[in-house]
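Student: Could you walk me through this protein before I set anything up?
Tutor: Gladly; here is what we will be looking at.

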Amino acid sequence: MTKQSHDHNFKNLFIDFPKETLEWFFPQAQQNWGDVRKVEFVRQEPKKRKLSEQSLALDMPILFFFENQQLLLWLVEFQEDKAKFSIYKLLHYTTDLMEAHPHALVIPIVLFTDRTKWRKDVVRKLQTKLNDRLFLHFEYMFFKLFDFNARDYYNINNPVVKILLPKMNYKKDERIEVIRQAYSGLFQLASRMLFDKYVDFIDVYAEVSEEEQESLYHEIIQHKETAMLAQYIREKGMQQGMQQGMQQGMQQGIIQNTKENIIEALELRFGKISSEIIDKINQINDPAKLKELHKKAIQIKEIDSFGFIC
């Protein structure tokens with residue numbers, strides 16, 4: 001996954017979790033109209049006013065059907081760079097959807113995802129008025145992820161919230177914990193297939209470094225509440241390795257697991273072994289060499305010879 005496909009990545013997120021996204025950003029919908037019975041994804045290119053016009057692509061129009069037959073057409077636009085946002089284009093998108101779906105309530109929402117403080121705000125509404133007569137009023141629901149404090153959402157059981165935690169605000173020394181919370185929360189709330197898909201999303205948008213991946217893995221194995229996740233990572237690593245996101249952590253899990261197996265094999269055969277041999281085993285990080293040492297640990301006849309093999 002790459003940042004260049006930013007819009008596509010966020011579209012996938014909302015396609016995979018439409019009800020959960022609606023629940024977080026617009027909880028009034030369910031309160032007013034009951035449960036969502038059906039979800040449809042609307043064509044993403046509005047009609048042109050002239051054939052010479054450049055094609056316009058809607059970011060995410062979703063049609064929700066509620067239990068009492070009311071409809072909500074929800075338009076979500078994603079913005080990593082606020083300088084590219086235009087309220088006039090959003091108004092254009094919105095009126096096109098209103099014309100195409102006259103029986104639906106169209107709610108435009110803009111989600112700003114950049115992790116920066118703004119010196120200047122974006123335009124929030126448009127209005128044309130003469131004396132007491134209002135000719136036009138347009139506004140949208142505004143969400144800036146950096147305005148949310150990540151710590152406040154650790155206990156929110158929503159996979160979309162967990163995935164977006166690293167895009168929220170947090171102190172520098174909270175970074176590893178925020179990403180761990182994102183991993184573990186997603187693991188608990190999503191299917192394994194969607195976990196594998198969106199753990200990569202988390203890594204890309206949190207810009208997790210190789211050093212942080214190792215720290216994250218150790219944080220995960222040290223917390224009781226993430227024991228199942230640690231086991232899943234270890235097993236996943238043994239089978240095939242993770243695609244990108246937690247590859248380093250999985251490799252470390254495989255290496256550590258092999259070291260433990262070597263020490264366990266030696267102690268089962270020869271009793272407690274010296275700290276010198278344990279230190280030598282722990283200094284080896286080559287998976288192939290560790291695999292060979294595991295075989296030797298089972299085959300050797302004297303423990304003293306093992307130190308030389310290391």
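The chat below goes from the overall fold to the sheet, the salt bridges and the nonpolar cores.

Student: What kind of model is it, and how are residues numbered?
Tutor: This is a predicted model, in which local features need pLDDT of at least 70 and side-chain atom pairs count only at pLDDT 80 or more, while totals for chains, interfaces and linings use all residues. Residues are numbered from 1 along each chain as its sequence is written, and side-chain values use heavy atoms, with hydrogens and water left out.

Student: OK, how many helices and strands are there?
Tutor: The protein has 13 helices and 7 strands, where helices (H or I, at least four residues) and strands (E, at least two) are DSSP runs numbered from the N terminus.

Student: And what share is buried?
Tutor: Of the 310 residues, 46% count as buried, with buried meaning under 20% relative accessible area, exposed over 50% and partly exposed in between (1.4 Å probe, protein chains only).

Student: In what order do the strands sit in the sheet?
Tutor: 5 strands form an open sheet in the order β1-β2-β3-β4-β7, with mixed pairing; two strands pair if DSSP finds at least two bridges between them. The edge strands, each pairing on one side only, are β1 (36-41) and β7 (141-144).

Student: How do β3 and β4 run?
Tutor: Strand β3 (residues 71-79) and strand β4 (residues 105-112) run parallel and are joined by 8 bridges; for Q79, the bridge partner in β4 is F112.

Student: Which strands does helix α4 lie across?
Tutor: Helix α4 (residues 87-100) lies across β2, β3 and β4, and runs at about 160 degrees to β3. Helix α2 (residues 18-25) lies across β1, β2 (61-66), β3, β4 and β7, at about 105 degrees to β1. Here the axes are lines fitted to C-alpha atoms, for helices over the stretch in contact (heavy atoms within 4.5 Å), and angles run from 0 to 180 degrees between N-to-C directions.

Student: Switching topic, how many salt bridges?
Tutor: The count comes to 8 salt bridges, a salt bridge being a side-chain nitrogen of Lys or Arg within 4 Å of a carboxyl oxygen of Asp or Glu.

Student: Where do E174 and R151 sit?
Tutor: E174 forms a salt bridge with R151, their closest N and O atoms being 2.9 Å apart. This pair links distant parts of the chain, with E174 in the loop between α5 (159-164) and α6 (175-189) and R151 in the loop between β7 and α5, 23 residues apart. E174 counts as buried at 15% relative accessibility, whereas R151 is partly exposed at 49%.

Student: And E177 with R180, which helix is that?
Tutor: Both E177 and R180 lie in helix α6, 3 residues apart, about one turn of the helix, and their closest N and O atoms are 2.9 Å apart in the salt bridge. R180 is buried, with a relative accessible area of 2%, while E177 is partly exposed at 22%.

Student: Last one: which residues touch the most others in the largest nonpolar core?
Tutor: Of its 58 residues, L13, L22, W24, L72, W74 and Y183 touch the most other members, and helix α7 (residues 192-206) gives the largest share, 9 residues. A nonpolar core is a set of buried Ala, Val, Leu, Ile, Met, Phe, Trp, Tyr and Cys residues joined through side-chain atoms within 4.5 Å. Apart from it lies another core, of 19 residues, among them F85, I87, V110 and L126.
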